[in-house]
Amino acid sequence: MSDDTPAPENEGTEPQPAPASPASRPPAPGSQAEELAAFLGKDVVLDTRGELLYVGRLEHVGDWFLTLVDADVHDLSDSRTRKDVYLIEAARFGVKKNRHQVMVRSREVVSLSTLASVILY
């Protein structure tokens with residue numbers, strides 16, 4: 001009795017390595033990811049077009065979103081504290097985390113700086 005089962009197509013060939021995931025590839029030259037690479041892993045402040053202010057550790061820079069972890073999403077319209085006073089307190093006492101992770105649409109961000117660059121007065 002012969003076995004008519006066809007041999008697997010990859011039999012006798014070397015296994016091929018999996019393609020690199022997008023997160024492990026170096027950023028494309030001139031991309032947003034390359035421009036912001038120095039901020040990765042640091043606590044940053046994202047000032048937006050609207051009333052939301054984001055403070056947290058920059059984990060990932062994508063084509064469309066910035067990802068923060070251990071972050072505070074602060075709605076300035078619900079707060080009596082001025083933006084500058086809030087940021088000074090965050091720089092002095094640390095981020096008041098209310099999100100494990102948050103993705104912010106890049107086009108909503110008007111400025112990005114490190115929390116360490118906030119001048120205490």
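Two residues are in contact when heavy atoms of theirs lie within 4.5 Å. The structure described here is a predicted model.

## The sheet

Strands of a sheet pair through backbone hydrogen bonds, either parallel or antiparallel. In this model, 5 strands form an open sheet in the order β4-β3-β2-β1-β5, and the pairing is antiparallel. The edges are taken by β4 (99-105) and β5 (109-114); each has a single partner strand, so one side of each is left without a neighbour in the sheet. From one strand to the next, the twist averages 40 degrees.

Strand β1 (residues 43-48) and β5 run antiparallel and are joined by 5 bridges. Thr48 has Val109 in β5 as its bridge partner.

## The helix on the sheet

Helix α2 (residues 83-93) packs on the sheet and touches β1, β2 (52-61) and β3 (65-75). The direction of α2 makes about 45 degrees with that of β2. Within α2, the residues Tyr86, Leu87, Ile88 and Ala90 are buried. The cover over the buried residues of α2 includes β1, β2 and β3. Just after α2 comes Gly94, with a positive phi of about 100 degrees.

## Nonpolar cores

In soluble globular proteins, nonpolar side chains tend to be buried together. The largest nonpolar core in this model has 13 residues. Leu46, Tyr54, Leu58, Leu66, Leu68 and Val102 are those with the most contacts inside this core. Two or more residues are given to the core by each of β1, β2, β3 and β4. The largest share, 4 residues, comes from β3.

Neighbours within four places in sequence are left aside here; the contacts of Leu68 then include Val44, Leu46, Tyr54, Leu58 and Val102. A second, separate core has 11 residues, including Leu53, Tyr86, Ile88 and Val118.

## His74

His74 is placed in strand β3. Its relative accessible area is 14%, and the limit for buried is under 20%, so His74 counts as buried. Not counting residues up to four places away in sequence, His74 touches Glu51, Leu52, Leu53, Ser79 and Tyr86.

## Salt bridges

A search of the whole structure finds 3 salt bridges. In one of them, the side chains of Lys83 and Asp47 meet at 2.9 Å, N to O. Lys83 lies in helix α2 and Asp47 in strand β1, so this pair ties together parts that are 36 residues apart in sequence. Asp47 is buried, at a relative accessible area of 17%, whereas Lys83 is partly exposed, at 32%.

Another salt bridge joins the side chains of Asp70 and Arg57, at 3.1 Å, N to O. Asp70 is in strand β3 and Arg57 is in strand β2, so the pair ties together parts 13 residues apart in sequence. Both are partly exposed: Asp70 has 26% relative accessibility, and Arg57 has a relative accessible area of 32%. Asp84 also forms a salt bridge, with Arg82, and their closest N and O atoms are 2.9 Å apart. Asp84 is partly exposed, with a relative accessible area of 29%, while Arg82 counts as exposed at 53% relative accessibility.

Methods. Residues are numbered from 1 along each chain as its sequence is written. This is a predicted model: local features need pLDDT of at least 70, side-chain atom pairs count only at pLDDT 80 or more; totals for chains, interfaces and linings use all residues. Side-chain values use heavy atoms; hydrogens and water are left out. Two strands pair if DSSP finds at least two bridges between them. Axes are lines fitted to C-alpha atoms, for helices over the stretch in contact, and angles run from 0 to 180 degrees between N-to-C directions. A nonpolar core is a set of buried Ala, Val, Leu, Ile, Met, Phe, Trp, Tyr and Cys residues joined through side-chain atoms within 4.5 Å. Buried means under 20% relative accessible area, exposed over 50%, partly exposed in between (1.4 Å probe, protein chains only). A salt bridge is a side-chain nitrogen of Lys or Arg within 4 Å of a carboxyl oxygen of Asp or Glu.
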